[in-house]
Amino acid sequence: RSPRFHLEDAQVKAIVAAFREDPVADSDQVVAAKTLTAFHCIACHTRDDFGGVHETHNAFFSTSAQNLGDDGRIPPPLTLVGAKLQPAWMKKVLFDGESVRHYMATRMPQYGVANLQHLPAVFSRLDVLKSTDMKIPSPESRSESEREREKLFRGAGRELLGDKGLNCIACHNFNGKAAVVNPGIDLLTSFQRLQPGWFNSYLRNPGAFRPRTVMPTAWPNGVAAHKTILDGDVDRQIAAIWYYLSLGTS
């Protein structure tokens with residue numbers, strides 16, 4: 001009359017060991033691992049060296065943008081996600097079903113606030129990323145030098161994103177306008193979604209954050225591809241892009 005679970009010996013031993021173990025408070029790392037396992041997030045996402053789409057399910061992950069490769073059909077890694085996403089945006093993803101990857105057929109289930117309300121804070125404590133500070137112009141400043149700097153950064157950011165610069169708009173939508181080559185994530189969502197430190201580090205070496213990504217690097221080995229924009233200063237070029245994106249639809 002009782003259920004038959006057909007457990008393997010190793011599973012039985014694990015259950016027995018869990019009962020015998022003295023109760024201790026879980027660390028943030030354990031809480032994150034348990035949560036990602038319990039809700040099967042690791043069936044689609046990787047975090048560090050754990051999880052990911054199983055080869056038997058790989059064919060079911062599809063995309064309307066074939067040129068994006070796996071970037072267009074496989075959900076993004078959760079490695080350093082606490083340092084990547086703005087807390088407000090992470091809550092939108094977890095609790096409101098927010099998505100910027102319109103080309104990806106797979107959609108994340110919604111498990112509700114009651115089940116995942118602890119996760120954003122856990123990720124933010126676990127995921128710390130050292131990155132270069134970006135000194136962008138202050139909109140509140142009234143000094144002449146700051147106004148000139150704002151004008152310089154605004155123009156440089158626009159040029160770098162455009163087809164005379166790094167041509168980011170070839171593979172990314174921009175303010176609702178479709179990209180020429182690939183309809184990637186709209187660039188104007190970047191400032192709202194991403195933390196500046198992660199954005200800075202990712203632009204310098206995209207492959208370090210997502211292996212085999214189709215995203216190129218414009219600063220290989222820390223050297224700018226465009227020497228004439230902001231004198232080829234890598235820090236200033238990336239800061240200019242971030243500042244330009246911070247202006248939004250304005």
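**Aromatic pairs and helix packing in a predicted model**

Q: How many aromatic pairs does the count come to?
A: The structure is a predicted model, in which local features need pLDDT of at least 70, side-chain atom pairs count only at pLDDT 80 or more, and totals for chains, interfaces and linings use all residues. Residues are numbered from 1 along each chain as its sequence is written, and side-chain values use heavy atoms, with hydrogens and water left out. Rings of Phe, Tyr and Trp (its six-membered ring) pair if their centres lie within 6.5 Å. By this rule, the number of aromatic pairs is six.

Q: Why is the pair of Phe199 and Trp242 classed as it is?
A: Planes under 30 degrees apart count as stacked, over 60 as edge-to-face and the rest as tilted. The ring centres of Phe199 and Trp242 are 4.7 Å apart and the planes stand at 45°, so the pair is tilted.

Q: Which parts does the pair of Phe199 and Trp242 tie together?
A: Helices are DSSP runs (H or I, at least four residues), numbered from the N terminus. Because Phe199 lies in H10 (residues 196-204) and Trp242 in H12 (residues 234-246), the pair ties together parts 43 residues apart in sequence: helix H10 and helix H12.

Q: Is H5 parallel or oblique to H7?
A: Helix H5 (residues 87-96) and helix H7 (residues 119-126) pack with axes (lines fitted to C-alpha atoms over the stretch in contact) 10 Å apart. Their angle, on a scale from 0 to 180 degrees between N-to-C directions, is about 140°. Angles under 35 degrees count as roughly parallel, over 145 as roughly antiparallel, 65 to 115 as roughly perpendicular and the rest as oblique. H5 is therefore, relative to H7, oblique.

Conventions
Helices (H or I, at least four residues) and strands (E, at least two) are DSSP runs, numbered from the N terminus.
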